[in-house]
Amino acid sequence: MRKLLLTAGVLAMSVATANAAKPGENRGGGARAEQPRGGGERGPGGRAENRRGGNDRAQRGGERREMRMAQRENRRENRAERRENRGEQRADRREDRGERRVERRDDRRERRVERRGDRFERGDDRREARADRRDDRIDRRGDRAERRAERRAVVLRDARQVQRLRFDRGVGLIDGCPPGLARRNNGCMPPGQLRQRQRAWYNNWWDRRDDAADFVYDDGYLYRLAPSGAVAGFVPLLGGALWPGQTWPTQYNAYDVPDYYADYYGFDDPYDYRLADGVIYGLDPQTQAIQSILALVTDNDWQIGQQMPDGYGVYNVPYAFRDQYFDTADSWYRYDDGYVYQVDPTTQLIQAAIQLIT
Amino acid sequence: MRKSALVLTAAACLAAAGCSDSGNQAAGNGQGNASANASVAPSEGTIVTALRGNSDLGATAALVDSAGLASVLEGVGPYTIFAPTDAALQSGLGEQHLGELRGEAMRPQAAALLRAHIVPGVLTRRDIVAAIEAAHNEPVEMRTMADTMLTFARDGEAILVSTPDGARARLTGEESAVGNGVVQPIEGMLRRAEAQPG
């Protein structure tokens, strides 16, 4: 661009110089050079003539007037020519500028078009990449849907084929003294707040554990108190000691989660999956720090050939399977923890477990 | 994890051709009617988005967040949450206790409370009414994620849900059938506070 401007500038100057050098045309300096100089005639020679008589003077005066008039006329013509020339130069410069502007505009337009082209190309690339990713996702979704659809037809009638969450309600309670209290060597007596054994307004919310025992809450744990007031056991709680970022309590046993559940719930992070007290957590395999709270499960005891657990009086099958598994006079269907179970309405015996996805 | 969970839900819906994004009213009773069951049409979204989108359920939505259960209720599920309205939580707990319950220090209590309001699977009102009718208008039961029992009975045109410790609530407003379950607004709490709110 700079090059173009410089070139245009040089061109303009050349045009001006060329005009100035044209033969036969009056221009500022040139006109003055050709112009007769009255002062020269008034030189030493002129003074000599002045000493002649009045007729000569009158004649000379007339000549001078004529010369002045001619000079004035010349100057007028020169000015007019200069004006004309300036106009031409201005027009030339305007024309040059116009041309340069047009050229610059064309350049910019070209560059814009090029950039747009680049962008389009890049956009095309991105669009293609996005489309690829979308296709991948759709493929994966399709695969999963296919798997689900395939597994939907798999009705398990042999209890040994059913992967079940292992559950023992006793696992929720860690017997003995928490390490923090044990270090105090005070017979595992709880801190002041617990020792007062005041029942908080939410205390009955833990009543699933053991109505006969005295449980009190403190700082993310539920403590079971012995009649002496000493801590007899403790439970780390969801939301307290069991919370993302916390390291899994070393004394707290948990169960591994069978593959089927990881598939069903769509767990695809590189975590260790642990089940404790009806909650599935994702843990960092290296640090054992809790990364995520993933699912709630009932841990109810559904075994083929056994009676259906209490508390499933309402049809609750997921939307996607309702067109296939609906209650009839011969069979009921109930959902729990990743399976649909087929139940005999009369005997309430579980006839089959239906996997929903692998 | 959340993404994959939602993808799985969406995929399941596609596979069964039983889901659409039109409306949030559920239908189907599970009583021998395939066409009725197939007509269940959950809207897009999750239990969490349904809670957040209901102006009467803001307090329950806040408790779900503070208890760390949003990741669960955005997952595959399905679950049905009986969600106390803001007025119900206010009345059942009082301003002070409700405020405390939203705090970090009471996350375990919030989680325990919510688990007592969640049952496994998809429970539409139509399913509950059909179950009561199939039981010759006797109450029917469902077990919660806190291992407590909910009892459903008809109360005129309404559905009443109650617990062994004496908590009672009517189902109110409109249910929201979403991709990973159902939100059923209720007029009361399904856990009683031991001490009356001050």
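This report looks at chain B of a predicted model and at how one of its helices meets another.

## Ground rules

Local features are described only where pLDDT is at least 70, side-chain atom pairs count only at pLDDT 80 or more, and totals for chains, interfaces and linings use all residues. Residues are numbered from 1 along each chain, chains are lettered from A in the order in which they are written, and side-chain values use heavy atoms, without hydrogens and water.

## Chain B as a whole

Chain B holds eight helices and eight strands; these are DSSP runs, with helices (H or I) of at least four residues and strands (E) of at least two, numbered from the N terminus. Of its 198 residues, 62% are buried (under 20% relative accessible area with a 1.4 Å probe, protein chains only).

## Where α4 meets α6

Let's zoom in on two helices. The axes of α4(B) (residues 58-66) and α6(B) (residues 86-101) come within 10 Å and cross at roughly 40 degrees. Axes here are lines fitted to C-alpha atoms over the stretch in contact, with angles from 0 to 180 degrees between N-to-C directions.

On the α4(B) side, the contact (heavy atoms within 4.5 Å) includes B:G58, B:A59 and B:L63; on the α6(B) side, B:D86, B:L89 and B:L101 take part.

Buried residues of α4(B) include B:A59, B:L63 and B:V64. Among the elements covering the buried residues of α4(B) are α3, β1 and α7 of chain B. Just after α4(B), B:G68 takes a positive phi of about 80 degrees.

How values were computed: Buried < 20%, exposed > 50% of the residue type's maximum accessible area, 1.4 Å probe, protein only.
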